[in-house]
Amino acid sequence: MVVATLKNLYLSYTGQSAEEIVELPSSGSNRRYFRLNGVKTLIGVSGTSPEEDRAFIYMSHHFLGKSLPVPEVFCSSDDFRYYLQEDLGDTLLFNTIEKGRKSCVFDEEEKRLLHKTIRLLPKIQCVGAEGFDFNRCYPQSEFNQRSILWDLNYFKYCFLKATGVDFQENLLEDDFQKMSNVLLKDTSNTFMYRDFQSRNVMIKNGEPWFIDFQGGRKGPVYYDVASFLWQAKAKYPSGLRNELLEDYMDALGNYMRIEKDYFMKQLKHFVLFRTLQVLGAYGFRGYFEKKPHFIQSVPFAIENLRQLLKDDYPEYPYLCHVLGRLTRLKQFSDDMRKYHLEVRIISFAYKKGIPNDTSGNGGGFVFDCRAINNPGKYERYNHFTGLDEPVIRFLEDDGEITSFLKNVYDIVDASVKRYMDRGFSNLMVCFGCTGGQHRSVYSAQHLAEHLNKKFGVKIHLIHREQNFEQILESNL
């Protein structure tokens with residue numbers, strides 16, 4: 001039925017039969033997409049909601065009239081459930097930036113596409129809203145209290161309850177109402193894309209094109225910024241995210257006056273709201289519809305939430321209490337453990353050999369402390385280690401170890417930062433000296449405390465020759 005209808009549409013539009021029709025991989029929605037090849041290559045769409053399809057077709061025509069990069073819809077069935085649209089190819093922005101997403105190191109071409117995409121967003125939000133009939137939107141014409149509470153309850157019923165976290169529903173609803181009030185502080189006659197993220201941007205001839213905007217409506221600009229820059233699996237490093245945010249605000253300034261501090265303060269609430277809305281979608285699509293890529297995305301969204309809660313949201317005390325408990329659930333902490341860096345720091349004696357790397361990653365840094373003035377030359381220090389006050393005082397008064405560690409910190413700090421950005425889970429740092437008792441022990445202990453304090457990473461500290469181990473827990 002679907003294939004036959006699309007073939008008839010193709011024949012009616014082109015005047016010739018399609019030579020081939022191939023179904024494309026499914027996306028997050030229930031729409032089905034087909035590529036029809038023949039005299040002209042077109043994409044055939046089979047929707048499940050005529051109202052939603054009608055909204056998309058209207059939006060596409062309107063945005064094309066504003067010279068926005070969206071696919072053209074050429075024809076549709078009488079009931080709008082089937083239509084033919086422009087073929088933009090197969091390249092999603094999400095896939096184009098795959099190397100950056102996996103390594104957290106985005107190359108110049110990936111950055112160019114991200115910057116170009118975020119600078120185009122204000123155009124669809126502002127120029128796209130000019131003359132737009134928001135009554136044609138589906139299922140809501142605007143972002144309002146009803147749609148906010150729908151999304152928050154979507155999170156509550158499809159995700160929060162599914163995890164088994166206990167909560168007092170009345171207190172949670174009170175904070176949902178408070179969040180609704182905060183999100184509706186600003187009103188603007190702008191188009192809210194609603195699901196603006198790298199999976200809904202296609203790359204054609206090196207340029208971004210917008211797709212899947214059928215859920216759009218009138219609403220504030222913050223929502224789309226939060227959707228794009230805090231997309232769960234995009235994994236933009238904070239530095240790149242800040243660059244893109246500055247680029248967005250600069251482009252938005254061409255259409256409206258913005259006050260940066262206020263914009264950032266309000267955006268913070270939309271980031272939290274969007275994260276909850278996404279978790280609700282992941283819960284429904286993943287836990288109930290059993291779609292694997294949504295389930296795989298849950299740990300990344302939880303990690304986003306964990307990072308957000310480091311900032312204070314005093315407006316929603318009970319909600320934040322519940323969310324904090326949610327992020328500490330064992331199933332989520334276990335999922336993300338592999339993405340959290342653990343640094344293994346070892347002191348050792350060279351005469352007993354350099355320690356093996358048990359992680360299987362091939363080792364790490366080995367620093368030779370033997371050039372530093374050795375307390376072991378003096379009998380009075382024989383019964384002490386680098387953890388004891390007499391040895392600490394000797395080394396610090398001498399001063400060589402202070403300069404040595406400063407250089408070590410510079411080198412190791414840079415690697416720890418990059419390892420964290422790239423999602424690596426293991427780094428080993430070893431300090432060796434003659435007996436593995438004084439200089440190496442002092443150095444290993446101080447580096448462990450330094451890294452744990454500065455980066456919050458978990459440290460597994462081993463003084464091998466003393467048969468002593470210590471865990472400094474992560475505070476991430």
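These are my notebook entries on a predicted model of a protein chain.

**Overall look**

I began with the whole chain. Its secondary structure comes to 16 helices and 14 strands. The C-alpha trace spans about 95 × 55 × 45 Å along its principal axes. I then checked burial: of the 476 residues, 52% are buried.

**Salt bridges**

Next I searched the whole structure for salt bridges and found 27. I picked out a few to follow up.

I started with lysine 66 and glutamate 130, whose side chains meet in a salt bridge at 3.8 Å, N to O. Lysine 66 sits in the loop between helix H2 (50-65) and strand E4 (73-76), and glutamate 130 in the loop between H5 and H6, so this pair ties together parts that are 64 residues apart in sequence.

Then I turned to glutamate 207. For arginine 112 and glutamate 207, the closest N and O atoms are 3.9 Å apart. That pair links distant parts of the chain, with arginine 112 in helix H5 and glutamate 207 in strand E8 (residues 207-210), 95 residues apart. For lysine 116 and glutamate 207, the closest N and O atoms are 2.8 Å apart. Lysine 116 also lies in helix H5 and glutamate 207 in strand E8, so here the parts tied together are 91 residues apart in sequence.

Arginine 112 has a relative accessible area of 31%, lysine 116 has 35%, and glutamate 207 has 29%. Each value lies between 20% and 50%, so I logged them as partly exposed.

I checked aspartate 398, which is placed in helix H14 and is partly exposed at 34% relative accessible area.

**Two single residues**

Is glutamine 140 buried or exposed? I looked it up: glutamine 140 is buried, with a relative accessible area of 12%. It lies in the loop between helix H5 (108-127) and helix H6 (145-163). Its side chain makes a polar contact of 3.1 Å with the side chain of asparagine 144.

Last, I visited isoleucine 471 in strand E14 (residues 468-472). Isoleucine 471 counts as partly exposed at 40% relative accessibility. From glutamine 296, isoleucine 471 is 175 residues away in sequence and 30 Å away in space, C-alpha to C-alpha.

Terms used: Residues are numbered from 1 along each chain as its sequence is written. This is a predicted model: local features need pLDDT of at least 70, side-chain atom pairs count only at pLDDT 80 or more; totals for chains, interfaces and linings use all residues. Side-chain values use heavy atoms; hydrogens and water are left out. Helices (H or I, at least four residues) and strands (E, at least two) are DSSP runs, numbered from the N terminus. Buried means under 20% relative accessible area, exposed over 50%, partly exposed in between (1.4 Å probe, protein chains only). A polar contact is a pair of N or O atoms within 3.5 Å; within protein, one must be able to donate a hydrogen and the other to accept it, and residues adjacent in sequence count only if both atoms are side-chain atoms. A salt bridge is a side-chain nitrogen of Lys or Arg within 4 Å of a carboxyl oxygen of Asp or Glu.
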